[in-house]
Structures are given as structure tokens and as C-alpha cells.
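Colleague: I have a new model to learn from. Can we go through it in short questions and answers?

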Amino acid sequence: MEQLCYLALGCLLVIVFLYGLLELHYFLRMCICVVLARFVKRRCHILDATTVNGLCLTNDVDTLLYHMNNARYFRELDFARVDFYERSNLYRTITGMGGSVFQGAATIRYRRFIRPFHRFNIVSRIVYWDEQSLFMEHRFVRPSDKFVHCIAICRQRVIDVSMEAVMAELLPRTASDQFRPMERHVVPGSEASLQPMSVTGGISNPAMDQSSLAENGHAATAAAVPVPVPTTATAPVTALGHCAKLKPSLPPELSKWIEYNDMSSKNLRSGC
């Protein structure tokens, strides 16, 4: 009996040591998140919004024990990104094309704190991409009334592969009718063939509703973008044209943030 007690005590000490040294809770939750995203949750389109659930526990609060620590928000984003990468097939596409991805920059805007033992959802979606980077928005949302606690913008840098090529590979893989290329039946020489197509925000994504566009500083009005129409009677949208149509326009606040990051990088390279 005494040996059994020593064995139980030894196992307990090992668990405590591993938990303190490796933060076992983080790695276990990450493994569960990967398994759920890969084998349980449904696949999603690259422009869909994904949601993961979270709970503010005692190891997430700050020294005042009053709300979730500010640094914990960024750690929660790891689970949101892994869920999005797996369900949208983004990570496997990047690595399959010989590239890799890492976190390049992040900014967060706090609106209202999350109290201990309160649930929250993290809603993630792509807001823009360029040749080298992917920009994602993450919202911490209260499940009961959809109140947004904070908004984070993260810049994912890709190396050894073009992000434009990655998106061109993923965008045609439609997950719902909202993203399926439509055919326009146009009679050559008619007025319809000369009319521009209206695109709101440069993207046809149900996740980017008018309220979220207005909150993030986008103009709610549609901008007329002329699209050339082939002279055939039935003109299906090509894969390249489809990708260009679905690409979001660069939000003004994101443009200024990118400019700030570029200036900061130049200062660091110059030794400032």
C-alpha cells in the first residue's frame, strides 16, 4: 500500500512538472483542436468565416483576477488559426506548393474585457492578401448577444511560394453556391455587354455583411468595376477572373497598418 502511494505521488509530481515546464494544457488543447478541425468539423471555403469556442479560466486571468489577461488573447488566436488552416486546406496547400507560413505581425483593439468563467467565440476570416502575405481578422464575440469584445488583425507571411498562387489554387474550390462561378448570357453588342458589374468591397462573401464592413471603415456603397465581356453568346467566368472578382479590396485602416509595418522594417534595417 505504501509503494502504491509513492507511485501515485510520483505520477502526480511528474504531471505537475510537465504542466509547469511544457504548459501541458496548451499542447493538449492544440492537439484536440487539430483533430476536431481535420476529422470532425466540416470543410469550409477559403473565404468563409470559421468559429472556435473558448472559455476564460483561472489560468487566463491577470493579477487582479478580474478579467482575461491581454496577452491571452493572442494565444487564443493560435487555436483559431489552426482551425481555419485545417478546415480551409490552406496550410496543406502552402506546404504542398513548397512554401511555409509564419506570423509576421499582429495588432489588436480591445473593446470590453472578458470576465473569468465566461464563454466566447473567435470568428476568423480573411480580409486581404498580397503576393507575400495573408491578412486575417479575428473577432472575440460573446455568444449570447454577439457583442464584439475585441478585434485582432494578423499578418501571415509566406515564404518560397506566392500567396496569389495559393489563393488561385484554393478559390475555385467552391464550398457553397455563394462562391460558385456564374455564367452571364450576353448578346454581343447589347447594352448588357457594356454595363459594369457592381462589386461591394471587392468580395462576394456572406461573412462580410454590411454591418461588419461599416464597423471596419469600409464604404457601404457599391463601387462600379468595369469587367470586359467576351464576344461569345455564353461567357463563363474564367478561373483567373473569378479569383480577381472574389479578392477583397484593401481596407483603408489595413493599408495604413501595412504602411506602418513597412516603415518599421526599414527603420530596423537601417539600424534605428
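**Two helices in contact**

Modeller: This model is predicted. Start with a contact: Leu18, Tyr19 and Leu22 of helix 1 meet Leu24, His25 and Phe27 of helix 2.

Colleague: Is helix 1 roughly parallel or roughly perpendicular to helix 2?

Modeller: The two helices pack with their axes 6 Å apart, at an angle of about 80 degrees. Angles of 65 to 115 degrees count as roughly perpendicular. So helix 1 and helix 2 are roughly perpendicular.

Colleague: Which residue follows helix 1?

Modeller: Helix 1 covers residues 2–22. Helix 2 covers residues 24–40. The residue after helix 1 has a positive phi, near 50 degrees, and is Glu23.

Colleague: What span does helix 1 reach from its first C-alpha to its last?

Modeller: Helix 1 has 21 residues. At 1.5 Å a residue, 30 Å is expected. The span reached is close to that: 30 Å.

Colleague: How many residues of strand 5 are buried?

Modeller: Strand 5 spans residues 148–159 and is mostly covered. Buried means under 20% relative accessible area. Of its 12 residues, the number buried is 10.

Colleague: In which sense does strand 5 pair with strand 2, and in which sense does strand 4 run to strand 5?

Modeller: Strand 2 joins strand 5 over 10 bridges, with Phe102 partnered by Arg157. Strand 4 joins strand 5 through nine bridges, with Met136 partnered by Cys154. In both cases the sense is antiparallel.

Colleague: Which residue in the hairpin of strand 4 and strand 5 takes a positive phi?

Modeller: Six residues lie between the two strands. The phi in question is near 65 degrees. The residue is Lys146.

**A residue of helix 3**

Colleague: Is Leu77 buried or exposed?

Modeller: Leu77 lies in helix 3. Leu77 touches Ile122, His138, Phe140, Ala152 and Cys154, leaving out residues up to four places away in sequence. Its relative accessible area is 0%, so Leu77 is buried.

Colleague: What distance separates the C-alpha atoms of Leu77 and Ala152?

Modeller: Leu77 and Ala152 are 75 residues apart along the chain. Even so, Ala152 is among the residues that Leu77 touches. Their C-alpha atoms are separated by 8.7 Å.

Technical notes
Residues numbered from 1 in each chain as written. Predicted model: local features only at pLDDT ≥ 70, side-chain atom pairs only at ≥ 80, totals over all residues. Heavy atoms only, no water. Buried < 20%, exposed > 50% of the residue type's maximum accessible area, 1.4 Å probe, protein only. Helix = DSSP H or I, 4+ residues; strand = E, 2+ residues; numbered from the N terminus. Pairing = 2+ DSSP bridges. Expected span 1.5 Å × (residues − 1). Axes fitted to C-alpha atoms, helices over the stretch in contact; angles between N-to-C directions. Parallel < 35°, antiparallel > 145°, perpendicular 65-115°, else oblique. Contact = heavy atoms within 4.5 Å.
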